[in-house]
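This report describes selected features of one protein model. Please read it beside the sequence and the coordinates.

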Amino acid sequence: MKGSMIDEVIPREQNGRDTFSRYKAQARSAAMAALSILKGGDVDRVYCDFHDDFVIRKKSPAGYCYIFYQVKTKAKQNHLWKLNEVFGIKEKPTKKNIQEAEDIINSFVGKLFLHTTKFKESCSSIIFQTNINNDDNIEDLLADVKVQEFNNRFTIILIKNLKECYGLTLSEQEIKDNISKLIFETDVQYIKETNNNFEPLVRGVIYEYSEIDLEYSESKEIIIKLLNLVESKSTGIIKEISPESIERQAAISIEDLLSILSISKEAYYSLLKGGDKKAVKNASIIQRALKAAGASNEEIEYCSRCKTKWDIWLRNNRHIIPEFDLLSVAGKIRKTLIDTQKQEKQVSISSLETPIKNLASELKNNNLIYDLDKELLLGGIFSELVRSQ
């Protein structure tokens, strides 16, 4: 069963894109999700208010898959979600108040389940995220689904009605598989109305992924830019749906985040091209070190390219050059960096010019130069710089 891509399925509605101001918690949640792109893992896009409150796209060798989020909050913190509120399932149906399939299809979770049928295998999971907790009936249903038993009386009602809801020719096992994609994230701190710790959480995530330790004023500015970015990607109807229009109007990518954090895109992509799994963090470290010495953007990008060349050289020669020689070269590069930092305080191309010439001569005299040149040695120094951080 082939999965669908996000531009191939028409959203059930886009009303939220015109009423963004009401969704403050949604904006904070989408912002936190977007920051996960900085990790450099499999998350590469967050789509705002498109198909759902937001959608995370993950890449893999097999292609793309999506995680759909609905964010729902309650002002009353001690309120517990009830089955009928979230699933449309009546706990005690009566003759006058019977259980209807329509109740489920129109519920929060019912709308989430629709993604599992439309996107099929491309739908990795559907998430109901909230600032409060669930009552026991919901918890029992979720526990039943988690252990794949499907014998809870409310789970049985859900399975029976889901098939009727969508008029699908799905087997009972396929419906169970779809239900198993449901995840609840409850009592989420950063979407609470008060005392949500959103700012320190954002600051912590940015530091974790980029090594940028933000001052209070910097933090406020970046958070405002981040929320404005989410807002800009959440408003206005997308009239002609295509990969390009979705990317332009709804998607948050690494380039958007690099702009907010003022990290050189050229440096980032140079490191990424060389297989650097921590490209955001290392681009940030190199940029901050060179900016402190007054370097230009061209110098930052050049030094990043040199680091990439070094990383590739090291990877290609790891099993060719004797380990003793490689360790000796690395040790001399490390010493060159330490000595330069002691004398010059700040690292720059000009401050490294003479030390690199001396390093090349020393390596040559010790039969350790191999095919190393100035650019590779400069790259080795910046590789050591980011490693030491």
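Predicted model: local features only at pLDDT ≥ 70, side-chain atom pairs only at ≥ 80, totals over all residues.

Residues are numbered from 1 along each chain as its sequence is written, and side-chain values use heavy atoms, with hydrogens and water left out. Helices (H or I, at least four residues) and strands (E, at least two) are DSSP runs numbered from the N terminus.

An open sheet is built from 6 strands in the order 7-5-3-2-1-8, with mixed pairing. Two strands count as paired if DSSP finds at least two bridges between them. The edges are taken by strand 7 (182-185) and strand 8 (251-252); each has a single partner strand, so one side of each is left without a neighbour in the sheet. Strands of a sheet pair through backbone hydrogen bonds, either parallel or antiparallel.

The hairpin of strand 2 and strand 3 has 2 residues between the strands. Some bridge partners are listed here.

| Residue | Bridge partner | Strand of the partner |
|---|---|---|
| Val46 | Ile56 | strand 2 |
| Lys59 | Tyr64 | strand 3 |
| Ser60 | Gly63 | strand 3 |

Tyr69 lies in strand 3. At 9% relative accessibility Tyr69 counts as buried, a term for under 20% relative accessible area, with exposed meaning over 50% and partly exposed in between (1.4 Å probe, protein chains only). Leaving aside neighbours within four places in sequence, Tyr69 is in contact (heavy atoms within 4.5 Å) with Asp52, Asp53, Phe54, Ile56, Ile127, Gln129 and Glu185. The C-alpha atoms of Tyr69 and Ala293 are separated by 44 Å, and the two residues are 224 apart along the chain.

**Helices**

Helix 4 (residues 108-118) lies across strand 3, strand 5 (123-130) and strand 7, and runs at about 165 degrees to strand 5. Axes are lines fitted to C-alpha atoms, for helices over the stretch in contact, and angles run from 0 to 180 degrees between N-to-C directions.

In helix 7 (residues 172-179), the buried residues are Ile175, Lys176, Asn178 and Ile179. They cover an arc of only 160 degrees around the axis, which puts them on the same side of helix 7. The arc is that of the directions from the helix axis to the C-beta atoms.

The axes of helix 16 (residues 349-365) and helix 17 (residues 374-388) come within 10 Å and cross at roughly 110 degrees. Helix 16 and helix 17 are therefore roughly perpendicular to each other; angles under 35 degrees count as roughly parallel, over 145 as roughly antiparallel, 65 to 115 as roughly perpendicular and the rest as oblique. On helix 16, Leu352, Ile356, Lys357, Leu359, Ala360 and Leu363 meet Lys374, Leu377, Leu378, Ile381 and Phe382 of helix 17. By class this contact has 9 nonpolar, no polar and 2 charged residues. Ala, Val, Leu, Ile, Met, Phe, Trp, Tyr, Cys and Pro count as nonpolar, Asp, Glu, Lys and Arg as charged, and the others, Gly among them, as polar.

**Loop residues with positive phi**

Most residues other than glycine have a negative phi. Tyr370, in the loop between helix 16 and helix 17, has a positive phi near 45 degrees. Tyr370 is partly exposed, with a relative accessible area of 37%. Phe150 has a positive phi of about 55 degrees and sits in the loop between helix 5 (136-146) and helix 6 (153-166). Phe150 counts as buried, at 9% relative accessibility.
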